[in-house]
Amino acid sequence: MSTIAESPTTATPPVLELRGITKRFPGVLANDNIDLTLEAGEIHALLGENGAGKTTLMNVLYGLYEPSEGEIWVRGQRAGIREPNDAIDLGIGMVHQHFMLIPPLTVTENVMLGIEETRAGGFLDRERAAQRVREISEQYGLEVDPEAYIRDLSVGVQQRVEIIKVLYRDADILILDEPTAVLTPQEVEELFDVIDSLIEQGISIIFITHKLKEVMAVADRITVLRNGRVVGTTIPEETTEQSLATMMVGREVSLVAEKSPARGGEPVLAVENLHVLGDQGSPAVQGVSFEVRAGEILGVAGVQGNGQTELVEAVTGLRKSVAGRVTILDRDVTDSSPRAILELGVGHIPENRTRDGLVLSYPVVNNLVLNTYYKQPFAHGIRLNEKEMTSHASKLVKEFDVRTPSVWVEAANLSGGNQQKVIVAREFSRPISLLIAAQPTRGLDVGSIEYIHGRILEKRDEDSGVLLVSSELDEIMALADRIAVMYRGRIVDVLPAEATTREEVGLLMAGIRPEEGMS
Amino acid sequence: MSQASTADQVPPPAPSSAAPERDWAATLQTVLLPLLAIFTALVIGAIVIVVSDPEVLRLYRGFFDAPGEALRASAASVTRAYGALMAGSIGSPGEVVRGFATWGQTGDGAALVTSLAPLSESLVATVPLIFASLAVALGFRCGLFNIGAEGQLLIGALASVWVGYAVTGLPWIIHMPLAVLAGALAGAIWAAIPGYLKARTGAHEVITTIMMNWIAIRLVDWLINGPMERPGAAAKTREILATSYLPQFSSDPRVRFHAGFFLALAAAAFVYWFLFKTTWGFEIRTVGASPDAAEYSGMNISRNFVVAMGLSGALAGLAGTAQVLGVTHFLAAGFSPGFGFDSIALALLGKSHPAGVVLAALLFGTLRAGATKMQSLAQIPVDIIAILQALIIMFVAAPAMIRWIYRIGAERAVGEQVFTRGWGAS
């Protein structure tokens, strides 16, 4: 199995070669004649927007889909991959974006699941498995304790367990599907170290992502997909983020939002000493205070799960607080109903767009009036005015460039970017003086991000106050006028955006104070 | 995508009749699949009929000596059974035509009435089913599983009967509507209790409605054997006054068809209008489709639970009301043969859509009415009908089976049906 060339030489055949892969779904050409080669010991980044066909291509490679046309060659031999087991037998392993681990089991138990080592009599041989996990962990510098329970591990370590699972099955071709989506900036750095060590040990890696910075930082070669086709293959030394973005999107994209200085008027939102409990009843927000003024964007930076979700829910009336005060436009709205708060002129782009922001089974028309359906002109008394709703929807779809064949298409059938645009259109079409945007561009592609950032800045320039909550440091740096860093339920610092650096905020997000150490 | 360009230049708002641009294949499938389910159920039912006929089974033992005979007997047995089912539920179209002819020529309506009796019975059996399954369907739309339709219809019947015999001296034009309203209101209150409990305490409506069913059943038992017992008779209430009757259309006791049927159709139309054309219905459907999104949008979920349960209970109550005011004219033990429970299956069968629910209720009402005839004419046990009903529900609930049997391609999974790909790409 491990007779693969120790060092990448051009003489050996590529470890993996996709030739002319085409995958058709009814009405959709997901992959169109794609060629891709992976040399031994190489990190090959597969870059593309959502829906560009990256995941379909990897699912073909992993045996989850059968290609309509094309061939897969592994180490110079034609491979017939009909199911994931075939791929695993060929040494191909995949680490999915969403982990497939069982929290109450240990690392070893999770790793051995499906190929359990047994002793005579069919008893599990945990010791032998644990020994191998330890060896793999040491060999690749993964630093994972085989006896630890998954539920006690951080997301970054859980990801390394997923990598061990694949290595345990003797894979030497690793597919990482959007591996950084769930990681903090520090964890991303650690992952890159792990990747380096894997490469040193002769593993070859396909790295799927839509983040340009990472590609430039880690890849040996970059292949860009757009609309199911290969647009080009390049190496980081010969390209720039800007030109990669252009390749991905097919037109010029501005990566940095143009921004004028904030005007900063009267406070529209004031939060004083707010305490909120999380789902499990433990304190999630512990004494948070801040202000958002008209015409400014306050960015709340923080790693997911440090109380931002609960904070936003408490401010928008979706969660009761245990102490403290929320004032919007000089009205005390602590624990008011969501409707009372919305009616004050608050727009809310929720963190979970498919669960809270949209009714997926509703057509676009209904989603666009989700919180105004009971008002003129959409309703007369209790009667809905479908005509008004339809023309309203047609207008917004055009104005906000929602790509949909019709306003009657169900929200579930739109791409993530277009779903988000439906929400933005709905919230921005109401008169609002405070916008609360939680993770507004999570999982969106470059083009959508550019658009939504532009719209948020526009709202600010119309003198709305904006509370932007994001775990994407880039987003906070690009948009915020002031940056509040949230860590373990507290706001550890509020910094003026122009006088702070990415690194400084990144450290604060990890709970480290640059000058004084831990607070 | 060529479609995208049409969306860019949206013409002036489509008229309100603007049916969503739907996939024709999908529409065809929604109609085709239930029909195939019914057909498949009838085929399997035929097999059951054959194997439950001892005479035919005896012929099969000698199958290889005389295969033709066994097959002929099977065919005859099935034809006899389904023929009797038809005759019992729909009647003979020829006789109806002849009946009309006689009536037209001689003015003698007796033949016509006789010929229409089976159809009338089917419609009579359908009425409570329509009401009760509308009740369950409305609950489903709000994400509520109202298993309490049975109890609610008993309470509705109870209230209507009481108003029917205890309130005297009113003209029909007031008394009948009053009795109807009483039934709806009583059902609404009975169902609003679980709705309120859910909104207030989170008590699951499946549990509470089942409990309420038992309370209703025992309450009715006690009342009809105690305070409301008809003097000189056991386990039934007094007859309601004629001023509270839902009008019937024939004096012939074989034709019990009554105005409740039109009331049921009106209720279906109302439910459609309410669910799809009003803000209240919009809220109820939103709460049902996505409670999180409903809450985010500022809808009051608790209130919607109470409103939806109340309305659902009113409809279920009317099922009982229509039955006492239109058919039995009193309330007795064993009043409902399980309308409330059948209605759960019917709401599913009708995909919780008022039109679908009416069709499903018609189908089951027809089967139920025909079953009696099938038993008496063809000596086929009524249980065959229960088997047929179960098979139909099973096949409708598991469309994958029907797709597999008839090799119908699967619907495209909703999540994968992405119309727009990429951004700014042509």
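## Helix 9 of chain A

Helix 9 of chain A, residues 308–315, is mostly covered, with eight of its eight residues buried. A residue is buried if 20 or more other C-beta atoms lie within 10 Å of its own, exposed if 12 or fewer, and partly exposed in between, with C-beta atoms placed from the backbone. Helices are DSSP runs of H or I with at least four residues, strands are E runs of at least two, and both are numbered from the N terminus.

The buried residues of helix 9 in chain A include A:Gln308, A:Glu310 and A:Glu313. A:Leu311, A:Val312 and A:Val315 are also among them. Just after this helix, A:Gly317 takes a positive phi of about 85°.

## Model and numbering

This is a predicted model: local features need pLDDT of at least 70, side-chain atom pairs count only at pLDDT 80 or more, and totals for chains, interfaces and linings use all residues. Residues are numbered from 1 along each chain as its sequence is written, while chains are lettered from A and ligands numbered from 1 in the order in which they are written.

## Chain A overall

Chain A holds 17 helices and 24 strands. Its radius of gyration is 25 Å, close to the 24 Å that the globule rule gives for 519 residues, so chain A is as compact as a globular protein of that length. The radius is taken over C-alpha atoms, and the rule is 2.2 Å times the number of residues to the power 0.38.

The C-alpha trace of chain A spans about 70 × 55 × 50 Å along its principal axes. Of the 519 residues in chain A, 50% are buried. Two residues are in contact if their C-beta atoms, placed from the backbone, lie within 7 Å. Among contacts in chain A between residues at least 6 apart in sequence, 68% join residues at least 24 apart.

## A four-stranded sheet

Chain A has an open antiparallel sheet of four strands, in the order 2-1-4-5. Strands pair if DSSP finds at least two bridges between them. Strand 2 (28–38) and strand 5 (77–79) of chain A are the edges, each pairing on one side only.

Strand 1 of chain A, residues 16–25, pairs with strand 2 of chain A in the antiparallel sense over seven bridges. A:Phe25 stands opposite A:Val28 in strand 2 of chain A.

## Helix 11 of chain B

Helix 11 of chain B (residues 279–289) is largely enclosed by the rest of the structure, because eight of its 11 residues are buried. Among them are B:Phe282, B:Ile284 and B:Arg285. The buried residues of this helix pack against strand 18 (383–384) of chain A. Their partners in chain B are helix 6 (110–141), helix 10 (260–277), helix 12 (291–296) and helix 13 (301–328).
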